[in-house]
Structure formats: C-alpha cells, structure tokens
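Q: I'm new to this one and would like a close look at a single part. Could you walk me through the aromatic rings and what sits around them?

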Amino acid sequence: MKYFEVRRAINAPADRIWAILTDKAALLAGDFAILKIEGDIGAGGKVKLWSEADPKRAFPLKVAVFEAPREMLWTGGMPFGLFKGERRFRLTPNQHGTDFHMREEFTGPMAGLITKSMPDLQPLFDRFGDALKTKAEEQV
C-alpha cells in the first residue's frame with residue numbers, strides 16, 4: 001500500500017479549518033495545488049478535482065465521510081476496487097488550536113502497477129498543509 005500524508009499543528013479552531021476545507025473558492029485562492037474543483041464538498045457529495053499533480057486530468061471523487069468539523073473522506077478509483085484512492089482529512093483539537101492530518105492511501109489489485117507511474121505527491125501534500133495553516137491562522 002502506498003500513501004502520502006501531512007500533519008500540521010494549526011493555531012486556529014477546528015471549525016475555521018473545516019470551513020476552508022469545504023469551501024471551493026478558498027481552496028482555489030490559496031496555494032493548495034488545486035487548479036479547479038467542481039461539485040459539492042458535503043455529505044454524499046461528488047467532486048471533480050484538477051490538481052497540479054496531473055493538470056489535464058479530472059479526478060472524480062465521492063465525499064464518503066463528512067463529520068463536521070472532525071473528519072472527511074474523499075474516495076475515488078477504478079470499478080470493482082481494482083484501484084482505490086482514499087484521502088482522509090482529520091481535525092483534532094489541541095490546547096493551542098487544532099492538529100490537522102491528511103493522508104491518501106492507494107489500494108487494490110492494480111495499486112502496485114499504477115502507483116509506480118505516479119509522481120511523488122509529498123511536495124504537494126506539504127504545500128496543502130502549509131497553505132491550510134497559513135489561511136486558517138491569518139483569520140485569527
């Protein structure tokens with residue numbers, strides 16, 4: 001199983017961070033490595049996302065878990081579970097604000113083959129975490 005993840009301690013309440021994570025305009029206005037996003041970032045919503053990782057490709061995603069302001073899960077992949085990506089966002093309150101954790105895992109029978117051809121997404125994950133921290137803390 002291949003995965004990428006980022007963690008950031010953010011000096012802001014979880015509800016402020018959640019508001020950014022679920023606001024398409026906010027995600028496009030920052031340095032989140034997202035070029036375009038369509039759809040509904042809400043419970044059961046469907047989203048199409050264009051990322052700097054592959055600007056010509058739209059990634060169709062489903063919002064499978066939406067527990068505001070704690071956890072959200074976006075899922076996508078191939079039919080029959082041949083390849084699946086799951087991006088989980090977690091917000092955990094701490095004494096100074098919120099711990100943010102985002103992790104994307106790739107699984108399925110074709111995961112080994114597909115992930116070999118994927119670029120290293122870690123720099124984009126790090127940028128996302130930094131952008132979220134900056135945006136949430138500037139609103140304090």
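A: Let's start with a definition: a charge sits over a ring if NZ of Lys or CZ of Arg is within 6 Å of the ring centre and within 35 degrees of the ring normal. Arginine 103 does this with tyrosine 3, its charged end 3.6 Å from the ring's centre. Lysine 36 lies over the face of tryptophan 50, 4.6 Å from the ring centre.

A quick note: this is a predicted model, where local features need pLDDT of at least 70 and side-chain atom pairs count only at pLDDT 80 or more, while totals for chains, interfaces and linings use all residues. Residues are numbered from 1 along each chain as its sequence is written, and side-chain values use heavy atoms, with hydrogens and water left out.

Now for rings meeting rings. Rings of Phe, Tyr and Trp (its six-membered ring) pair if their centres lie within 6.5 Å; planes under 30 degrees apart count as stacked, over 60 as edge-to-face and the rest as tilted. There are 8 aromatic pairs here.

Phenylalanine 100 and phenylalanine 128, by contrast, are stacked: 6.3 Å centre to centre, 20 degrees between the planes. Phenylalanine 100 counts as buried because its relative accessibility is 1%, and phenylalanine 128 does so at 4%.

Conventions:
Buried means under 20% relative accessible area, exposed over 50%, partly exposed in between (1.4 Å probe, protein chains only).
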